[in-house]
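Student: Before we discuss this model, may I put some questions about the terms applied to it?

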Amino acid sequence: MSRMLLLVPTYNESASIELLISRIKSIRREVGELIDGEVDMLLIDDNSPDGTAEIVRGLGEGWIEILHRSKKGGLGPAYVAGFRYGIAKNYDFIVEMDADLSHQPEELLEMTKPIAEGRSDLAIGTRWMPGGKIVNWPISRQLISRAGTTYARIVLGIKLRDITSGYRVFRSKVLKSIDLENVESKGYGFQIEMALETLRHGFRIEEVPITFVERVDGVSKMNRAIVLEALWKVTIWGLQRLIKRR
Ligand SMILES: Nc1nc2c(ncn2[C@@H]2O[C@H](COP(=O)(O)OP(=O)(O)O)[C@@H](O)[C@H]2O)c(=O)[nH]1
Ligand SMILES: [Mg+2]
(Lines give C-alpha, C1' and ligand atoms only; values in the text may rest on other atoms or scores of the structure.)
(Ligands and ions follow the chains in the order given, each with its own letter.)
Protein backbone atom coordinates (compact mmCIF):
# COMPACT_ATOMS: atom_id res chain seq x y z
CA MET A 1 0.00 0.00 0.00
CA SER A 2 1.55 3.31 -1.03
CA ARG A 3 0.20 6.81 -1.22
CA MET A 4 0.65 9.56 -3.78
CA LEU A 5 0.12 13.29 -3.24
CA LEU A 6 -0.50 15.54 -6.21
CA LEU A 7 0.66 19.10 -5.58
CA VAL A 8 -1.12 21.79 -7.59
CA PRO A 9 0.08 25.38 -6.99
CA THR A 10 -2.41 28.07 -7.89
CA TYR A 11 -2.52 31.79 -8.32
CA ASN A 12 -5.73 32.95 -10.00
CA GLU A 13 -6.64 29.71 -11.73
CA SER A 14 -10.41 29.89 -11.19
CA ALA A 15 -11.05 29.37 -14.91
CA SER A 16 -9.37 25.96 -15.12
CA ILE A 17 -9.39 24.44 -11.64
CA GLU A 18 -12.76 22.67 -11.81
CA LEU A 19 -12.01 20.97 -15.10
CA LEU A 20 -8.56 20.00 -13.85
CA ILE A 21 -10.04 18.39 -10.75
CA SER A 22 -12.68 16.50 -12.72
CA ARG A 23 -9.98 15.16 -15.07
CA ILE A 24 -7.81 14.13 -12.11
CA LYS A 25 -10.82 12.43 -10.57
CA SER A 26 -11.20 10.31 -13.71
CA ILE A 27 -7.65 8.95 -13.55
CA ARG A 28 -7.26 8.58 -9.77
CA ARG A 29 -8.34 4.96 -9.69
CA GLU A 30 -6.10 3.80 -12.49
CA VAL A 31 -3.03 5.52 -10.99
CA GLY A 32 -4.03 4.17 -7.57
CA GLU A 33 -4.05 0.63 -8.99
CA LEU A 34 -0.60 1.12 -10.48
CA ILE A 35 0.90 2.19 -7.15
CA ASP A 36 -1.31 -0.19 -5.20
CA GLY A 37 -2.66 2.65 -3.07
CA GLU A 38 -4.35 6.00 -3.06
CA VAL A 39 -3.98 9.34 -4.80
CA ASP A 40 -4.72 12.59 -2.93
CA MET A 41 -4.30 16.19 -3.97
CA LEU A 42 -3.06 19.32 -2.22
CA LEU A 43 -3.94 22.70 -3.67
CA ILE A 44 -1.31 25.27 -2.70
CA ASP A 45 -3.01 28.61 -3.10
CA ASP A 46 -1.35 31.97 -2.56
CA ASN A 47 -4.54 33.76 -1.54
CA SER A 48 -5.75 34.07 -5.15
CA PRO A 49 -7.96 37.16 -5.42
CA ASP A 50 -10.15 35.38 -8.00
CA GLY A 51 -11.35 32.88 -5.39
CA THR A 52 -9.61 29.75 -6.71
CA ALA A 53 -9.44 28.23 -3.21
CA GLU A 54 -13.14 28.88 -2.50
CA ILE A 55 -14.13 27.06 -5.68
CA VAL A 56 -12.10 24.04 -4.62
CA ARG A 57 -13.49 24.11 -1.08
CA GLY A 58 -16.99 24.26 -2.56
CA LEU A 59 -16.38 21.08 -4.54
CA GLY A 60 -16.07 19.23 -1.22
CA GLU A 61 -13.96 16.41 -2.61
CA GLY A 62 -12.75 14.30 0.32
CA TRP A 63 -9.38 13.52 -1.28
CA ILE A 64 -8.41 17.19 -1.69
CA GLU A 65 -6.80 19.43 0.95
CA ILE A 66 -5.97 23.12 0.59
CA LEU A 67 -2.84 24.81 1.83
CA HIS A 68 -3.53 28.52 2.12
CA ARG A 69 -0.59 30.88 1.86
CA SER A 70 -1.01 34.54 2.71
CA LYS A 71 0.40 36.14 -0.43
CA LYS A 72 1.89 35.46 -3.85
CA GLY A 73 5.36 34.15 -3.12
CA GLY A 74 6.39 32.36 -6.30
CA LEU A 75 6.17 28.80 -7.55
CA GLY A 76 9.31 27.55 -5.75
CA PRO A 77 8.29 28.48 -2.19
CA ALA A 78 4.75 27.17 -2.85
CA TYR A 79 6.15 23.78 -3.88
CA VAL A 80 8.58 23.68 -0.96
CA ALA A 81 5.62 24.16 1.40
CA GLY A 82 3.81 21.34 -0.43
CA PHE A 83 6.85 19.03 -0.23
CA ARG A 84 7.01 19.61 3.54
CA TYR A 85 3.32 18.80 3.87
CA GLY A 86 3.70 15.60 1.83
CA ILE A 87 6.73 14.46 3.82
CA ALA A 88 5.02 15.21 7.15
CA LYS A 89 1.99 13.15 6.05
CA ASN A 90 4.19 10.25 4.94
CA TYR A 91 3.28 10.16 1.27
CA ASP A 92 5.48 7.81 -0.80
CA PHE A 93 5.21 9.70 -4.09
CA ILE A 94 4.84 13.44 -4.61
CA VAL A 95 3.75 14.95 -7.93
CA GLU A 96 4.14 18.46 -9.35
CA MET A 97 1.41 19.52 -11.77
CA ASP A 98 0.36 22.94 -13.12
CA ALA A 99 -3.24 24.05 -12.59
CA ASP A 100 -3.78 25.57 -16.04
CA LEU A 101 -4.32 22.25 -17.90
CA SER A 102 -0.92 22.47 -19.58
CA HIS A 103 -0.08 19.13 -17.97
CA GLN A 104 -2.48 16.37 -18.94
CA PRO A 105 -3.71 14.42 -15.90
CA GLU A 106 -4.25 11.45 -18.26
CA GLU A 107 -0.47 11.24 -18.73
CA LEU A 108 0.14 10.74 -15.01
CA LEU A 109 -0.10 6.98 -15.46
CA GLU A 110 2.86 6.90 -17.89
CA MET A 111 4.71 9.42 -15.71
CA THR A 112 4.32 7.17 -12.68
CA LYS A 113 5.51 3.94 -14.32
CA PRO A 114 9.27 4.56 -13.99
CA ILE A 115 8.76 5.21 -10.27
CA ALA A 116 6.26 2.44 -9.58
CA GLU A 117 8.40 -0.06 -11.50
CA GLY A 118 11.49 0.93 -9.53
CA ARG A 119 13.55 2.20 -12.50
CA SER A 120 13.77 5.78 -11.33
CA ASP A 121 13.47 8.19 -8.39
CA LEU A 122 12.23 11.20 -10.33
CA ALA A 123 10.21 11.18 -13.55
CA ILE A 124 10.23 14.40 -15.56
CA GLY A 125 7.57 15.05 -18.18
CA THR A 126 9.60 16.10 -21.20
CA ARG A 127 8.46 18.13 -24.20
CA TRP A 128 11.71 17.96 -26.16
CA MET A 129 12.07 14.24 -26.89
CA PRO A 130 10.53 11.77 -29.36
CA GLY A 131 6.84 11.48 -28.47
CA GLY A 132 6.84 14.83 -26.66
CA LYS A 133 4.85 17.80 -28.00
CA ILE A 134 3.97 21.41 -27.42
CA VAL A 135 0.58 22.70 -28.46
CA ASN A 136 -0.08 26.41 -29.01
CA TRP A 137 3.22 27.95 -28.05
CA PRO A 138 4.47 30.74 -30.28
CA ILE A 139 7.88 30.12 -31.85
CA SER A 140 9.35 32.82 -29.58
CA ARG A 141 8.41 30.95 -26.42
CA GLN A 142 9.63 27.62 -27.82
CA LEU A 143 12.95 29.27 -28.61
CA ILE A 144 13.29 30.68 -25.07
CA SER A 145 12.56 27.27 -23.55
CA ARG A 146 14.93 25.39 -25.86
CA ALA A 147 17.71 27.94 -25.52
CA GLY A 148 17.33 27.89 -21.72
CA THR A 149 17.54 24.10 -21.56
CA THR A 150 20.52 24.01 -23.94
CA TYR A 151 22.37 26.65 -21.93
CA ALA A 152 21.70 24.80 -18.65
CA ARG A 153 22.79 21.46 -20.17
CA ILE A 154 26.11 22.90 -21.29
CA VAL A 155 26.88 25.03 -18.24
CA LEU A 156 25.76 22.44 -15.67
CA GLY A 157 26.93 19.36 -17.60
CA ILE A 158 23.66 17.47 -17.28
CA LYS A 159 21.98 15.46 -19.98
CA LEU A 160 18.31 16.26 -19.32
CA ARG A 161 16.35 17.37 -22.39
CA ASP A 162 13.72 19.47 -20.63
CA ILE A 163 15.17 20.82 -17.45
CA THR A 164 12.49 23.42 -16.61
CA SER A 165 9.50 21.14 -17.07
CA GLY A 166 7.11 21.35 -14.15
CA TYR A 167 5.37 17.99 -14.58
CA ARG A 168 7.21 15.64 -12.24
CA VAL A 169 6.79 12.56 -10.05
CA PHE A 170 9.17 12.32 -7.12
CA ARG A 171 9.84 9.40 -4.87
CA SER A 172 9.52 11.07 -1.43
CA LYS A 173 12.94 9.90 -0.31
CA VAL A 174 14.45 12.30 -2.87
CA LEU A 175 12.69 15.25 -1.26
CA LYS A 176 13.66 14.05 2.22
CA SER A 177 17.33 13.97 1.17
CA ILE A 178 17.35 17.49 -0.26
CA ASP A 179 17.85 20.36 2.17
CA LEU A 180 14.65 22.22 1.27
CA GLU A 181 15.67 25.11 3.52
CA ASN A 182 18.38 25.99 0.99
CA VAL A 183 16.26 25.72 -2.16
CA GLU A 184 15.86 29.36 -2.98
CA SER A 185 14.78 29.81 -6.61
CA LYS A 186 11.29 31.13 -7.19
CA GLY A 187 10.47 30.46 -10.85
CA TYR A 188 11.90 28.21 -13.61
CA GLY A 189 15.16 28.20 -11.69
CA PHE A 190 13.36 26.19 -9.05
CA GLN A 191 12.81 23.24 -11.39
CA ILE A 192 16.45 23.36 -12.50
CA GLU A 193 17.63 23.53 -8.89
CA MET A 194 15.51 20.53 -7.88
CA ALA A 195 16.81 18.46 -10.82
CA LEU A 196 20.40 19.37 -9.93
CA GLU A 197 19.90 18.48 -6.27
CA THR A 198 18.27 15.17 -7.23
CA LEU A 199 21.31 14.22 -9.34
CA ARG A 200 23.78 15.52 -6.75
CA HIS A 201 22.32 13.10 -4.20
CA GLY A 202 22.84 10.23 -6.62
CA PHE A 203 19.19 9.64 -7.52
CA ARG A 204 18.03 8.44 -10.95
CA ILE A 205 15.97 10.62 -13.28
CA GLU A 206 13.94 9.33 -16.22
CA GLU A 207 12.36 11.57 -18.83
CA VAL A 208 8.89 10.66 -20.07
CA PRO A 209 7.44 12.30 -23.21
CA ILE A 210 4.44 14.55 -22.56
CA THR A 211 2.14 16.78 -24.56
CA PHE A 212 2.25 20.28 -23.10
CA VAL A 213 -0.79 22.37 -24.02
CA GLU A 214 -0.54 26.10 -23.51
CA ARG A 215 -3.27 27.48 -21.29
CA VAL A 216 -6.52 28.60 -22.90
CA ASP A 217 -7.86 30.46 -19.84
CA GLY A 218 -6.24 32.72 -17.29
CA VAL A 219 -2.85 34.38 -17.67
CA SER A 220 0.70 33.12 -17.36
CA LYS A 221 2.65 34.20 -14.27
CA MET A 222 5.89 33.94 -16.19
CA ASN A 223 7.72 37.23 -16.52
CA ARG A 224 11.12 38.61 -17.40
CA ALA A 225 12.30 38.47 -13.77
CA ILE A 226 11.62 34.73 -13.62
CA VAL A 227 13.59 34.08 -16.81
CA LEU A 228 16.45 36.28 -15.61
CA GLU A 229 16.52 34.56 -12.22
CA ALA A 230 16.91 31.19 -13.96
CA LEU A 231 19.68 32.48 -16.27
CA TRP A 232 21.53 34.08 -13.42
CA LYS A 233 21.26 31.05 -11.13
CA VAL A 234 22.39 28.62 -13.84
CA THR A 235 25.42 30.82 -14.49
CA ILE A 236 26.32 30.91 -10.78
CA TRP A 237 25.85 27.14 -10.38
CA GLY A 238 27.98 26.57 -13.49
CA LEU A 239 30.78 28.75 -12.11
CA GLN A 240 30.64 26.90 -8.78
CA ARG A 241 30.96 23.65 -10.70
CA LEU A 242 34.02 24.94 -12.56
CA ILE A 243 35.70 26.04 -9.33
CA LYS A 244 35.02 22.67 -7.69
CA ARG A 245 36.61 20.84 -10.63
CA ARG A 246 39.81 22.89 -10.40
N1 LIG B 1 0.86 29.20 -5.30
C2 LIG B 1 1.43 29.79 -6.35
N3 LIG B 1 1.28 29.26 -7.59
C4 LIG B 1 1.87 29.89 -8.64
C5 LIG B 1 2.65 31.06 -8.50
N6 LIG B 1 3.12 31.43 -9.73
C7 LIG B 1 2.64 30.50 -10.60
N8 LIG B 1 1.88 29.58 -9.95
C9 LIG B 1 1.20 28.41 -10.52
O10 LIG B 1 2.17 27.63 -11.18
C11 LIG B 1 1.63 27.00 -12.34
C12 LIG B 1 2.46 27.41 -13.57
O13 LIG B 1 2.36 28.81 -13.76
P14 LIG B 1 2.12 29.49 -15.18
O15 LIG B 1 1.81 30.91 -14.95
O16 LIG B 1 1.13 28.70 -15.94
O17 LIG B 1 3.56 29.40 -15.83
P18 LIG B 1 3.88 29.05 -17.35
O19 LIG B 1 3.19 27.77 -17.66
O20 LIG B 1 5.36 28.96 -17.39
O21 LIG B 1 3.34 30.19 -18.16
C22 LIG B 1 0.17 27.45 -12.40
O23 LIG B 1 -0.63 26.48 -11.81
C24 LIG B 1 0.18 28.74 -11.58
O25 LIG B 1 -1.07 29.06 -11.01
C26 LIG B 1 2.79 31.60 -7.18
O27 LIG B 1 3.43 32.63 -6.94
N28 LIG B 1 2.17 30.93 -6.15
MG1 LIG C 1 1.19 27.54 -17.64
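The dialogue below sets computed values against their definitions.

Tutor: This is a predicted model, in which local features need pLDDT of at least 70 and side-chain atom pairs count only at pLDDT 80 or more, while totals for chains, interfaces and linings use all residues. Residues are numbered from 1 along each chain as its sequence is written, chains are lettered from A and ligands numbered from 1 in the order in which they are written, and side-chain values use heavy atoms, leaving out hydrogens and water.

Student: Why does the radius of gyration of the chain agree with that of a compact globule?

Tutor: The radius is taken over C-alpha atoms, and the globule rule is 2.2 Å times the number of residues to the power 0.38. For 246 residues a compact globule would have a value near 18 Å; the chain has 17 Å, so the two agree.

Student: What makes strand β5 (residues 122-126) largely enclosed?

Tutor: Strands are DSSP runs of E with at least two residues, and helices are runs of H or I with at least four, each numbered from the N terminus. Buried means under 20% relative accessible area, exposed over 50% and partly exposed in between, with a 1.4 Å probe and protein chains only. Five of the five residues of β5 are buried, so the rest of the structure largely encloses this strand. L122, I124 and T126 lie on one side, A123 and G125 on the other.

Student: How do you know which strands pair with β5?

Tutor: Two strands pair if DSSP finds at least two bridges between them. Three bridges join β5 to β7 (residues 168-171), antiparallel, and five join β5 to β8 (residues 205-209), parallel. A123 has V169 as its partner in β7, and G125 has V208 in β8.
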